[in-house]
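Please look over the sequence and the model shown here before reading the report that follows.

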Amino acid sequence: MLQELLLSLLGFTGDLIIDDNQHRYSLGLPSLSTVSAASSAFKLAADLSFINPSDRDVIERIVKLGFYYRELDRFATKSRNLSWIRSGSGEDVNKFPESRSVYRRAIANGVVEVLSVYRSAVLQIEQKLLADHLPILGTVTQGLNKLASWMVYGILQDPHDEFFIRSQDDSKSEKELSDSDMHRKMTRLKLGDSSLVNWHLGFHISLDMLPEYINMRVAESILFAGKAIRVLRNPSPGFFVKDSLYHHKIPRQSRKNQGLGDHFSFQKDTQVASAKLSVDDLEPSGEDLLSQSEADKIETMLQDLKDSTEFHKRSFECAVDSIRSIAASHLWQLVVVRADLNGHLKALKDYFLLAKGDFFQCFLEESRQLMRLPPRQSTAEADLLVPFQMAALKTISDDDKYFSRVSLRMPSAVNPSQVDVIKSKVRVASSSTAADLDGWDGITLEYSIDWPLQLFFSQEVLSKYCRVFQYLLRLKRTQMELEKSWASVMHQDHSDFAEHRNDPAKCSTLQQRRQRFRPMWRVREHMAFLIRNLQFYIQVDVIESQWNLLQNHIQDSRDFTELVNFHQEYLSALISQSFLDIGSVSRILDSIMKLCLQYCWSLENQESPNTAQLDHITEEFNKKSNSLYTILRSSRLAGSQRAPFLRRFLLRLNFNSFFEATARGVLNVVRPRPSLPILQ
C-alpha cells in the first residue's frame, strides 16, 4: 500500500489508487468537468474495505498531490517540446503552436526545477520508509505532537483537521442548523463564560477520524484530559475574586434579606470588598490550579512515547490513563475542596428536595390563601415573593450562607382564563387535561452557581432538581391541605358545639351533621394515609438513602469524573425510585393529588357539600389509589432493583390487607343502576 501511495505521488495510478476520469471513461460514464476533475481525479478504489474512513480521508487528500504533479509534468513536457526546430517543417508548429512561446517555455523550465525538488522529497520519504522496519508505527508516534498540544496545554492545534478531537463548527447559518445544533447554540448563549462553553459544548470526538487502534474509552479519556487541562490553565477571573474574598472573611449582610431572589446586596459587598484587595490578590493564575511540575510530568510521559522506536498500544493507553487521572484529581481538588461542592449539594438537598421541611411548611401556610386563587400572569412571581420572604424570616438563620443563592420563580404563569378555580367549581374528570391543571404547579426554584461549580452542575442537572422539587412541593401542599381541612372543620365544629351546648335542638342538629360527615372524614383519612406514606417513602427511603450513598462516594473518591457519574446516578435514582420516569404512575399520582385538593376545598368551602359530587370524587380516588397499588406491586417494579425500598412502602400501605382486598374489585367497579321494586 505504501508503494502504491508513493507511486501515486509521482503521477502513476494502479488498482488501489485510481484515476477517476479514466475509471469513468472505462465504465462509459461522462467525464467530469475541469473543476470537478481537479478535486477528485486520484482517489482510492471504492471496494477497499480494509481501510477505515479516517485513513481514507487522509490518503485521498495526499494523492491529490500526485494528480497535480502529473498535470504539471505534462504541461512542462508539452511546453518544452522543440521537435519542430529539428524537423524544419511547419507541421509540428501547427500541431503544437504553444511550444513556440518563449514565455511558456520559461515557465515550464521553472516548473521542471520545482518538480525535481518534489521528486527528491518523495525519494527521501521512500528511503526512510524502507529503512524503518515498522513504518506505520513510526508514523503514529509522529502524530503524538497534536496529542501533546491538547493534553499538556489544552490547545487544539489541528489546522488540517487530522486530529479526532474537533471543536464545534459554528460556521453554519441558522437556517442550516438542526434542532440539536440550535439547542447547543442557545445553551452557549446562556452559559456565557467561554470556559463553560468549551467544557460542555466546545469539543467532541469525530468518529470518522478516530484511528482503529484507539478505542472509545481511551478517546473519551483524551477528550476529558484536554478539556480539564484547558480549564485548569484558563480559570475564570471571578473565581479568584470570590476565593480571595472568602479568605479575607468579608462580612456579609443578613441572608434573610437576600432571600427575595435578587443578589444585589451580595454583589455590592463583593464589589466594595474586592476594591480593597490588591491586584496581585485577584490576578488569575493557572499555576495555582495546575503546577508546572505536574505539567512537566504530563509532557515527559508523552515525550517518552514519541521518542520510542516502537509504538506499544498498552503503553499508550497507560500514559493516557495516567494523564487523565492527574487532570481529574486536580479538577476534583478545585471543585470539591476550593469550591465547597458538598456544601452546595447539601443546599440543593435542603431547598430542592425539601429537606428544610419547616421552611416549606411555613411558606405553604403563608401562601395558602393566595394559592386558592388562580395566579395572575403578570404578578404571580411577585405575589409569591412575600410569603417566601416571611417564611425565610421565620425559619432561615443568619448562618445559612447558601440561602442567598436560592430564588423563587414562576416561569409559566397560567392565564387565569384558562384555569378553573377548583374551590368555586369542582371538576372531576377521568382524564387530566390542561384546563384541569392548578396554575401554581409551575412554582420552581433557581440556584445561583458560580465557576467552577458550573462544570459539575450543568443546566440538565439543575433541570432534574427542579423536576423533583415541583413534584415534592405538590405532594407537601396536598398533605398540608388534608391536615388543614381537618383542623379547620373540627375547629368550626367544636366552636358550634360550645356555642349551642345549652340548646338541645341545635345540639341534635350538630350531632346529625357529625353523623353525615363521618363517611367523608373517613375518605379524607384514607387520602391522608396514602399521601403521608408516599411522602415518607420518598423523603426517607429514597432521598435519605441515596444521599448517604452519595456522601460515601464523595468521601472515597478523588476523581472528578467519578463524582460526576456518582451524582448522575444519585439524580437518576431519585427520579426513577420516585416513579417520575414512569408515565402511567406519575399520571396516577398527579390525579390523586388533584382529587385530594378538590375534596378538601369542596368540604371546607361549603356548608352543605354536594354528596353526589363528593361520592364521585371518592369513587375516582378509590380507582386511582388501587390502580397505583396494583401497578407498584407488580413483579416488574416490586421485584426489580429499580426501587429497592418499594416493598417497605407497599407493606406500610397494605399493613392490614385493606389495599390488597379492595384492589381486586375496585378497578372494574360499575356504578349500580337503580332497580325497580319487586311487586308481591
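Is Cys362 buried or exposed? Cys362 counts as buried because its relative accessibility is 11%, where buried means under 20% relative accessible area, exposed over 50%, and partly exposed in between, with a 1.4 Å probe and protein chains only. The model is a predicted one, so that local features need pLDDT of at least 70 and side-chain atom pairs count only at pLDDT 80 or more, whereas totals for chains, interfaces and linings use all residues. Residues are numbered from 1 along each chain as its sequence is written, and side-chain values use heavy atoms, with hydrogens and water left out.

**Cysteines**

A search of the whole structure finds zero disulfides, a disulfide being a pair of cysteine sulfur atoms within 2.5 Å. Cys596 is accordingly in no disulfide, and the nearest cysteine sulfur, which belongs to Cys600, is 6.6 Å away. Cys596 is buried, with a relative accessible area of 1%.

**Nonpolar cores and a surface patch**

The largest nonpolar core has 139 residues, and those with the most contacts inside it are Phe164, Ile222, Phe316, Leu331 and Phe457; such a core is a set of buried Ala, Val, Leu, Ile, Met, Phe, Trp, Tyr and Cys residues joined through side-chain atoms within 4.5 Å. Helix H23 (residues 504–556) supplies the largest share of this core, 15 residues; helices (H or I, at least four residues) and strands (E, at least two) are DSSP runs, numbered from the N terminus. When residues up to four places away in sequence are not counted, Leu331 touches Trp199, Phe224, Ala228, Val231, Leu232, Leu455 and Phe560, contact meaning heavy atoms within 4.5 Å.

On the surface, Ile62, Leu65 and Tyr68 form a nonpolar patch with about 250 Å² of accessible area together. Patches are made of residues with over 30% relative accessible area and no salt bridge, like charges being joined within 9 Å and nonpolar side chains (Val, Leu, Ile, Met, Phe, Trp, Tyr) within 5 Å, and accessible areas come from the Shrake-Rupley method with a 1.4 Å probe, only the protein chains shown counting as cover for residues. Ile62 lies in helix H4 (residues 53–79) and is partly exposed, with a relative accessible area of 32%.

**Salt bridges**

How many salt bridges does a search of the whole structure find? The search finds 21, a salt bridge being a side-chain nitrogen of Lys or Arg within 4 Å of a carboxyl oxygen of Asp or Glu. Three of these pairs are set out below.

| Pair | N to O distance |
|---|---|
| Arg70 and Asp19 | 2.7 Å |
| Glu446 and Arg409 | 3.3 Å |
| Glu619 and Lys623 | 3.7 Å |

Why does the pair of Arg70 and Asp19 tie together parts that are 51 residues apart in sequence? The reason is that Arg70 lies in helix H4, whereas Asp19 lies in strand S1 (residues 17–19). Arg70 is buried, with a relative accessible area of 12%, and Asp19 likewise counts as buried, at 5% relative accessibility.

Glu446 is partly exposed, with a relative accessible area of 41%, and Arg409 is partly exposed, with a relative accessible area of 22%.

Glu619 and Lys623 are separated by about one helical turn, because they are four residues apart in helix H26 (residues 611–632). Glu619 is buried, with a relative accessible area of 18%, whereas Lys623 counts as partly exposed at 25% relative accessibility. Elsewhere, salt bridges that share partners join Asp19, Arg70, Glu71 and Arg74 into one network.

**Backbone features**

Most residues other than glycine have a negative phi, and most peptide bonds are trans. Trp451 and Pro452, however, are joined by a cis peptide bond with omega of about 10°, and Pro452 lies in the loop between S6 and helix H22 (459–499).

Asp340, although it is not a glycine, has a positive phi of about 60°; Asp340 is found in the loop between helix H17 (313–338) and helix H18 (341–352), and counts as partly exposed at 26% relative accessibility. Leu354, also a residue other than glycine, has a positive phi near 60°. Leu354 lies in the loop between H18 and helix H19 (357–366) and is buried, with a relative accessible area of 6%.
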